Amino acid sequence: MDEPVHPAEQQISDQRLLKGARARASIARHAADVASVEGLTGLSLGRLATDLGVSKSGVATLFGTKENLQLAAVESAREVFIDHVVRSALSVPGGIDRLRALLDNWFVYIGEPVLPGGCFRVAGLSEFDSRPGPVRDALAADRADWFALLEKEIGRAQEQGYAPGHDPHALAFQFDALVSAANTAARLGDDSAIPTARTLIDLLIGSSTR
């Protein structure tokens, strides 16, 4: 029979786990920042340890491999996107209002930008679209989830009389293409990119036919 764990020992163990989780989240967030500018392939355990002033062995203990670090960066960037683009929009009534909130938040997300390199998804997918493996799978799953949300709200908006005659997936694809192009152009210093993309998306949505 296993010996019972003393409450004090359990508390120490829990504190260590919490500290480790916080450290992992902090490193993953910095990895997302770095990868948004330099790419996921540019990440390394040693680089992040130097940036954050921690030991390489400590980073290696938390992540183990470069691929695990890349996956953690993808997940951290996804959480940032959800926090800044999705979460507040979900409090808005479904349909055209929520769709516009998602799109407005998306433009703010790339315009500020929240991550130094702009939209993480744009950078990551272009880097890994032809590289099979867990990182590509994680990026593709994130994209699929985002498209599913857009398509759902496009469908609801169409029920309210907006964007008639458009296939929801095709319209989501056009939104994504416009915002991705605006993100790239904005990084190159084109101040007209985001306003232009906004105007084109407004034209695609149109006014209610009801």
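Predicted model: local features only at pLDDT ≥ 70, side-chain atom pairs only at ≥ 80, totals over all residues.
User: Hi! Before we look around, what does contact mean here?
Analyst: Two residues are in contact when they have heavy atoms within 4.5 Å.

User: How far apart are the ends of H7, and what span should its residues give?
Analyst: H7 covers residues 134–159, and its end C-alpha atoms are 38 Å apart. Its 26 residues, at 1.5 Å a residue, should span 38 Å, so the two values agree.

User: What about H4, how does its span work out?
Analyst: H4 agrees too: its 21 residues should span 30 Å, and the end C-alpha atoms are 29 Å apart. Among the buried residues of H4 are Leu 69, Ala 73, Val 74, Ala 77 and Phe 81.

User: Changing topic: how many residues are in the largest nonpolar core?
Analyst: That core has 59 residues. The ones with the most contacts inside it are Leu 40, Leu 99, Trp 106, Tyr 109, Phe 120, Trp 146 and Phe 175. In soluble globular proteins, nonpolar side chains tend to be buried together.

User: Let's pick Phe 120. What does Phe 120 touch?
Analyst: Not counting residues up to four places away in sequence, Phe 120 touches Ala 32, Ala 35, Ser 36, Leu 40, Ala 73, Val 74, Ala 77, Tyr 109, Leu 115 and Leu 139.

User: How many cavities of 30 Å³ or more does a search of the whole structure find?
Analyst: The search finds one. The largest cavity holds about 70 Å³ of space, and Phe 120 is among its lining residues, along with Val 74, Tyr 109, Leu 139 and Asp 142. H4, H6 and H7 are the elements that give two or more residues to that lining.

User: Which helix gives the most to the lining, and how do the lining residues divide by type?
Analyst: H4 gives the most, with four residues. By type, the lining has seven nonpolar residues, no polar ones and three charged ones.

User: Over to Arg 98 in H5. Buried or exposed?
Analyst: Buried, because its relative accessibility is 13%, and the cut-off for buried is under 20%. Leaving aside neighbours within four places in sequence, the contacts of Arg 98 include Glu 153 and Arg 156.

User: And Ile 205, where is it and what does it contact?
Analyst: Ile 205 is in helix H9 (residues 193–205). With a relative accessible area of 3%, it is buried. Beyond its neighbours within four places in sequence, Ile 205 is in contact with Ile 96, Leu 99, Arg 100, Leu 103, Tyr 162, Ala 163 and Phe 175.

User: Last one: cis or trans for the peptide bond from Glu 112 to Pro 113?
Analyst: That bond is cis, with omega near -20°. Pro 113 lies in the loop between H5 and H6.

Definitions and conventions. Residues numbered from 1 in each chain as written. Heavy atoms only, no water. Core = buried A, V, L, I, M, F, W, Y, C linked by side-chain atoms within 4.5 Å. Buried < 20%, exposed > 50% of the residue type's maximum accessible area, 1.4 Å probe, protein only. Expected span 1.5 Å × (residues − 1). 1 Å grid on protein atoms, 1.4 Å probe; cavity = no way out; pocket = protein on both sides within 12 Å on 5 of 7 lines; lining within 4 Å. Points joined across faces, edges and corners; volume = space filled by probe spheres on them. Nonpolar A, V, L, I, M, F, W, Y, C, P; charged D, E, K, R; others polar.
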